[in-house]
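Dear colleague,

I am handing over the structure we discussed, and my notes on it follow below. Please read them with the model open beside you.

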Amino acid sequence: MTKERSAFVVGATGIVGGNISERLLADGWTVYGLARRPERAPKGTIPLTADLNDREGVFAATASAPSITHLFQASWTPADTEEQAGEINSRHLSNVLDGLKAAGHQVEHVVLITGVKHYLGPFKDFGRYLPDTPFLEETPRLPIPNFYYDQEDVLFAAAERDGFTWSVHRPNAIVGFAVGALMNHGVTLACYAAICRETGRPFAFTGVQEQWDMLTEISDARLVARQAAWAATTPAAAGRPYNTGNGDVFRYKRMWKTIADHFGIDVPPYDGRQQSLQELMADAGPIWRAMAAKYGLVEPDISRLATWWHTDADFGRKVECISDMTRSRKAGFLDYQDSSDTFLDLFRRLEAERIIPRFEK
């Protein structure tokens with residue numbers, strides 16, 4: 001008989017937390033989803049409302065669940081400086097871990113989702129340090145502030161104190177279904193392409209020459225969820241960080257046409273000039289509201305969908321950003337995800353759920 005498992009997913013409405021919740025629910029878990037607006041969590045999630053800044057509120061939420069066996073921490077809060085981000089996000093994790101302990105939950109395993117900025121540093125420091133690629137999990141920490149490091153330190157101390165096992169997962173640019181996520185590359189590109197299709201604007205690649213030409217990778221949110229569930233239930237996988245890339249690589253000079261073809265638009269010649277997507281889409285708000293009315297879309301506020309600034313940051317990277325997946329493969333996680341399908345599957349789901357229009361080809 002399979003032991004009943006119950007998950008406490010922090011950030012259950014986000015791009016990673018939502019996909020983790022869907023994966024666990026499909027596997028028969030009981031899933032409690034913590035968020036400020038948990039009604040947006042996947043169907044079947046037991047919603048719990050709390051602001052991670054409110055320690056008493058977090059304690060009340062953890063106490064309201066009858067039994068928690070696993071924690072999946074998949075939230076983050078931006079700040080003006082990396083030092084501030086470290087203080088805020090590590091405090092949030094502490095609030096959750098302390099709340100679970102105070103409520104008497106016998107937590108077996110904690111999953112912490114971070115990212116490849118573990119190797120590159122915060123956005124403002126991209127390129128300042130250049131570790132060899134592909135990134136290896138044993139690469140030493142950079143000598144600069146990084147809120148991922150602060151979160152890890154909180155996790156390691158709590159694991160020693162409370163006796164649970166842990167795993168850390170480091171995806172690259174995450175592509176997957178979510179509404180209202182702070183970093184949502186795939187949905188942002190879908191909105192950009194849909195606006196170009198509707199208005200006749202050129203679907204121009206806005207990044208630097210290096211991003212157009214170099215090999216890169218993404219992380220399908222569904223694969224991140226599968227790896228997190230695997231590590232949480234595989235004793236031999238405990239106590240280690242894992243890279244979480246799709247397992248393939250591509251160049252945007254080819255992928256851009258794959259994206260454009262789905263929306264039935266042409267790709268203009270790339271002139272090597274970086275542009276700001278945030279500036280190009282400065283008038284996207286009223287355009288999207290009109291599109292929502294025309295096509296019956298469920299979200300008329302494009303600020304709930306697209307994060308132009310984050311895609312600008314991704315497309316502005318001049319350094320190679322590829323992760324080595326050997327560690328998790330040796331440990332038994334062999335999943336692979338075709339990156340073209342990552343984008344196309346997302347676009348189809350966004351169309352099916354009326355997040356973006358389904359255009360006639």
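**Helices H6 and H12**

In this predicted model, helices H6 and H12 are roughly perpendicular to each other, because an angle from 65 to 115 degrees is counted that way and their axes cross at roughly 105°. H6 covers residues 185–199 and H12 covers residues 308–315, and the two axes come within 9 Å. On the H6 side the meeting is made by His185, Thr188, Leu189, Cys191 and Tyr192, and on the H12 side by Trp308, Thr311, Asp314 and Phe315.

**The nonpolar cores**

The largest nonpolar core has 48 residues, of which Tyr252, Trp256, Phe263, Trp288 and Phe343 touch the most other members. At least two residues of this core are supplied by each of H6, helix H9 (252–263), helix H11 (284–295), H12 and helix H14 (339–352). H6 gives the largest share of the core, with 9 residues. Another core, of 26 residues, lies apart from this one, and its members include Leu52, Ala61, Leu71 and Val154.

**Aromatic pairs**

Over the whole structure, a search finds 23 aromatic pairs. For tyrosine 192 and phenylalanine 203, the ring centres are 5.0 Å apart and the planes stand at 45°, so this pair is tilted. The pair links distant parts of the chain, since tyrosine 192 is in helix H6 whereas phenylalanine 203 is in the loop between H6 and helix H7 (209–213), 11 residues apart. Tyrosine 192 has 2% relative accessibility and counts as buried, and phenylalanine 203, at 1% relative accessibility, counts as buried as well.

A second pair to look at is that of phenylalanine 250 and tyrosine 252, with ring centres 5.1 Å apart and planes at 80°, so this pair is edge-to-face. Both phenylalanine 250 and tyrosine 252 are buried. Ring pairs also link a cluster made of Tyr192, Phe203, Phe205, Trp212, Phe250, Tyr252, Trp256, Tyr270 and Phe315, and in this cluster Tyr192 and Phe315 are residues that take part in the meeting of H6 with H12.

Leaving aside neighbours within four places in sequence, alanine 190 is in contact with Phe263, Phe347, Leu350 and Ile356.

Glycine 200, by contrast, lies in the loop between H6 and H7, and at 61% relative accessibility glycine 200 counts as exposed. From the C-alpha atom of glycine 200 to that of isoleucine 265 the separation is 8.7 Å, although the two residues are 65 residues apart along the chain.

With best regards

Terms used: Residues numbered from 1 in each chain as written. Predicted model: local features only at pLDDT ≥ 70, side-chain atom pairs only at ≥ 80, totals over all residues. Heavy atoms only, no water. Axes fitted to C-alpha atoms, helices over the stretch in contact; angles between N-to-C directions. Helix = DSSP H or I, 4+ residues; strand = E, 2+ residues; numbered from the N terminus. Parallel < 35°, antiparallel > 145°, perpendicular 65-115°, else oblique. Contact = heavy atoms within 4.5 Å. Core = buried A, V, L, I, M, F, W, Y, C linked by side-chain atoms within 4.5 Å. Buried < 20%, exposed > 50% of the residue type's maximum accessible area, 1.4 Å probe, protein only. Phe/Tyr/Trp six-rings, centres within 6.5 Å; stacked < 30°, edge-to-face > 60°.
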